[in-house]
Amino acid sequence: MSPPKPTAAELEILRLLFALGPSTARQVHQAALDSKPDTTYANVLRQLQLMHTKGLLNRDESQRAHVYAPAQEQESVQTNLLKELIHKAFAGSGKALVLAALKGGHVNAKERAEIQALLDEGPEK
């Protein structure tokens, strides 16, 4: 069974948790305020609870304040979303995705150098 696909709002919570590490609802709420000052604690708590029910988050209930953590590693979540994007938007072509990113100005000079270094290394062994 494939892991559940997060919504845009759930991806934002996951992004925060990947940066913070395992956190309480209050910690996630504080971090969310930086990018969305109108975010309420109640909305963050409800979102965390829904994501736990959906299987996107693990919850440690051993303390009074529950601690939430992503159920999957960041790389796994990104890989699954990327596979779906390549399939849906680029007809299954990873090359088309990379070319679109390079041509569309989504890659800065430093990132281009990193990509070139990877290409120069050749295929992984």
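Trainee: How does arginine 15 count in terms of relative accessibility?

Mentor: Buried means under 20% relative accessible area, exposed over 50%, and partly exposed in between, using a 1.4 Å probe and protein chains only; arginine 15, at 44%, counts as partly exposed. This is a predicted model, in which local features need pLDDT of at least 70 and side-chain atom pairs count only at pLDDT 80 or more, while totals for chains, interfaces and linings use all residues. Residues are numbered from 1 along each chain as its sequence is written, and side-chain values use heavy atoms, with hydrogens and water left out.

Trainee: Which side chain meets that of arginine 15 in a salt bridge?

Mentor: Side chains of opposite charge can pair when their charged atoms come close. Here the partner of arginine 15 is glutamate 12, at 2.5 Å from N to O, a salt bridge being a Lys or Arg side-chain nitrogen within 4 Å of an Asp or Glu carboxyl oxygen. The two residues are about one helical turn apart, because they lie three residues apart in helix α1, a helix being a DSSP run (H or I, at least four residues) numbered from the N terminus. Glutamate 12 is also partly exposed, at 29%.

Trainee: How many salt bridges does the whole structure hold?

Mentor: The search finds six, among them the one between glutamate 61 and arginine 59, at 2.8 Å from N to O. Both of these are partly exposed, glutamate 61 at 47% and arginine 59 at 26%.

Trainee: Which residues are linked in a network of salt bridges?

Mentor: The network joins Lys5, Glu84 and Lys88. Within helix α4 (residues 74-89), lysine 88 and glutamate 84 are four residues apart and so separated by about one helical turn, with their closest N and O atoms 2.7 Å apart. Lysine 88 is exposed at 61%, whereas glutamate 84 is partly exposed at 23%.
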